[in-house]
Amino acid sequence: MKISQNLYVRVPLAIAIVAVLVALVSSTLSYYAGLQEKKDTNYLLVKQLAQTMAKTATISAYLNDRELGQEIISGLLSNDLVQGARLYGEGEMSISSGVLNNPQDGIVIQLIHPFIDDTLVGTLTLYPNNNYIQQQVENSLKKEVALILIQSIIIAFFVSLIVHRWLTRPIQKLTDSFTTINPSIPKTMRMLLVKQGAKNEIGKLTKGINSLMHELHLTISNERALREKTQELERKFRLIFEQASAGICLLDEKNTITTFNPAFLQYFSVAGQTDLASLHFPTLLNNVDKLEELLLSIRADKTRPQVTLDIECRIGNKTLWLHCLFAKLTEQRSNERSSEQGNLVEVIIHDVTERAEREFQTRFEADHDPLTHLLNRRSGDKKLDNALLYCLENQQSLMLMMIDLDKFKPVNDTYGHEAGDKVLIATAKRLKAHFNLATDLCIRWGGDEFIVARQLTNFDQELMLEQANKILAEIEQPIYISNDMQCQVGASIGIVVAPKDGKVLHELMVKADDMMYQVKASGRGQVAFYQKPS
């Protein structure tokens with residue numbers, strides 16, 4: 001038989017079983033302990049009965065009165081405890097009746113002479129009714145055992161009833177009420193209702209659980225509200241992250257891209273590819289070493305949380321200008337920042353190619369002559385100044401040529417300004433063909449005047465003269481001003497070299513200009529180096 005696991009069933013049942021077992025053990029012990037005691041008591045009663053009749057039996061034995069003796073024996077046998085009796089007296093009087101067992105089983109009373117001490121006149125022997133005594137004792141003990149059992153069962157019943165009413169039933173109700181609570185559904189976390197006095201242990205336990213439930217309900221409700229708010233914020237931020245027009249990525253301490261949005265992928269993926277060419281961020285751009293140093297300095301510099309930089313990079317067949325914002329990630333709500341947080345860098349990228357191209361075009365137009373696309377005088381003057389300062393600081397020489405076209409005015413007067421413009425454009429191209437180093441400067445100084453400059457580690461006048469003569473020869477080559485018409489111009493060149501001829505730009509320009517006009521005055525089409533006056 002399967003016993004219910006419920007506490008309110010098992011506890012009373014256990015109490016009842018224990019009570020019955022204890023009652024049985026105690027009754028058994030009581031039975032066997034009381035059996036011999038009650039037998040001895042009955043035998044003592046038989047002995048007392050014999051002693052009570054001893055005087056009367058003495059008289060009967062002394063007088064040899066058989067009639068009296070017979071009445072004594074009959075009176076003794078009327079007691080159920082006696083099954084036989086025998087009386088011996090003077091004159092061989094012997095009266096017996098009932099069941100006489102073995103003489104050793106009888107209770108013998110010596111009958112003393114009524115007048116002479118220490119003289120026997122007879123004996124009175126009683127034989128106890130052993131079967132009756134045994135039966136009486138057993139019946140008595142059985143009743144006692146039965147009473148003990150009944151008493152124990154009644155006590156167990158009421159104890160179980162009290163335990164059930166005061167302990168197990170409230171616990172059961174508390175358990176049933178508790179099982180209706182689902183922590184994932186806060187509205188089910190209502191107060192537990194157990195009808196018990198507030199001062200007992202169950203009441204205090206219920207009160208404590210209700211207090212805990214109240215606090216837990218508040219905590220869960222607050223956490224749920226916070227989680228919903230966080231999820232809403234996460235959804236919005238995810239929407240911003242995924243739909244943002246700016247490319248966003250996150251770099252770890254090794255500058256590896258750990259997270260990026262679709263716009264970032266679009267910037268750095270070429271047609272036909274769905275993945276980034278590399279997850280190493282500097283590799284995606286052109287100058288890997290410079291970017292590595294920049295990211296290292298951002299992480300090390302605590303006073304500069306973010307850095308912006310415009311970077312030109314080539315992706316596939318297109319060249320892009322990207323405006324990059326590098327920012328260290330920090331936990332605003334934490335006073336201490338982990339080492340991992342300090343190494344994380346967020347990169348936000350905007351494609352500014354169109355803006356950069358407009359800026360380049362605007363800057364080009366501001367710095368260059370619109371006709372020849374050489375540097376104009378304003379920007380050329382500034383760059384010459386910078387080049388001179390660089391050469392002076394680095395022990396280099398700056399060669400500067402002042403070039404003025406010969407016979408240019410007749411071209412304008414004869415063929416018009418359009419033809420003159422074509423001559424200027426062709427001359428500018430020929431100058432650029434000879435001065436095409438990164439540090440070379442080609443400037444339209446004004447009208448038909450040009451200035452070219454070159455930085456020299458070692459100045460060689462012979463080599464420079466050869467170069468200048470090649471330029472003269474190139475300029476003197478015919479220029480087509482229409483399909484069937486061409487013209488020809490020449491040039492006069494004055495050359496100065498810094499710092500040999502001066503360390504101030506204005507001074508050098510004046511000297512070069514003087515040399516150029518000296519050439520014109522001496523017949524044009526020549527080259528002259530500045531010579532210090534002797």
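Student: How many bridges pair strand 5 with strand 9, and in which sense do the two strands run?

Tutor: In this predicted model, strand 5 (residues 247–251) and strand 9 (residues 345–351) are joined by five bridges in the antiparallel sense.

Student: What makes strand 8 a partner of strand 9?

Tutor: Strand 8 (residues 318–328) is joined to strand 9 by seven bridges, and the two run antiparallel. Phe-326 has Val-347 in strand 9 as its bridge partner, and Phe-326 also belongs to an aromatic cluster with Phe-260, Phe-264, Phe-268 and Phe-281.

Student: Why are strand 2 and strand 3 called edge strands?

Tutor: They belong to an open sheet of four strands in the order 2-1-4-3, with antiparallel pairing. Strand 2 (93–98) and strand 3 (107–112) each pair on one side only, and that is what makes them the edge strands. From one strand to the next the twist averages 10°. On its paired side, strand 3 is joined by six bridges to strand 4 (residues 120–128), and there Ile-109 stands opposite Leu-124.

Student: How do you know that the length of helix 8 agrees with what its number of residues predicts?

Tutor: Helix 8 (residues 288–300) has 13 residues, which at 1.5 Å a residue should span 18 Å, and its end C-alpha atoms are 18 Å apart, so the two values agree.

Student: What makes the buried residues of helix 8 line one face?

Tutor: The buried residues, those under 20% relative accessible area, are Leu-291, Leu-294, Leu-295, Ile-298 and Arg-299. Seen down the axis of helix 8, they fall within an arc of 130°, and therefore they line one face of the helix. On the other side, Asp-289, Lys-290, Glu-293, Leu-296 and Ala-300 are exposed. As a general point, an α-helix has 3.6 residues a turn, so residues three or four places apart point the same way.

Student: Which residues of helix 14 are buried, and how do you know that they share a side?

Tutor: Met-464, Gln-467, Ala-468, Ile-471, Leu-472 and Ile-475 are buried in helix 14. Because they cover an arc of only 145° around the axis, they are on the same side of helix 14. Glu-462 and Leu-463, by contrast, are exposed on the other side. The buried residues pack against strand 10 (397–406), helix 13 (417–434), strand 12, strand 15 (490–498) and strand 16. As for length, helix 14 has 15 residues and reaches 21 Å from its first C-alpha to its last, close to the 21 Å expected at 1.5 Å a residue.

Student: Why is the pair of Phe-459 and Phe-529 called edge-to-face?

Tutor: A search of the whole structure finds nine aromatic pairs. In the pair of Phe-459 and Phe-529, the ring centres are 6.5 Å apart and the planes stand at 65°; planes over 60 degrees apart count as edge-to-face, so the pair is edge-to-face. The pair links distant parts of the chain, 70 residues apart, with Phe-459 in the loop between strand 12 (449–456) and helix 14 (461–475), and Phe-529 in strand 16 (residues 527–529).

Student: Is each of these two residues buried, partly exposed or exposed, and why?

Tutor: Phe-459 has 25% relative accessibility, which lies between the limits of 20% and 50%, so Phe-459 counts as partly exposed. Phe-529 has 10% relative accessibility, which is under 20%, and therefore Phe-529 counts as buried.

Note on methods. Residues numbered from 1 in each chain as written. Predicted model: local features only at pLDDT ≥ 70, side-chain atom pairs only at ≥ 80, totals over all residues. Heavy atoms only, no water. Pairing = 2+ DSSP bridges. Axes fitted to C-alpha atoms, helices over the stretch in contact; angles between N-to-C directions. Expected span 1.5 Å × (residues − 1). Buried < 20%, exposed > 50% of the residue type's maximum accessible area, 1.4 Å probe, protein only. Arc of directions from axis to C-beta. Phe/Tyr/Trp six-rings, centres within 6.5 Å; stacked < 30°, edge-to-face > 60°. Contact = heavy atoms within 4.5 Å.
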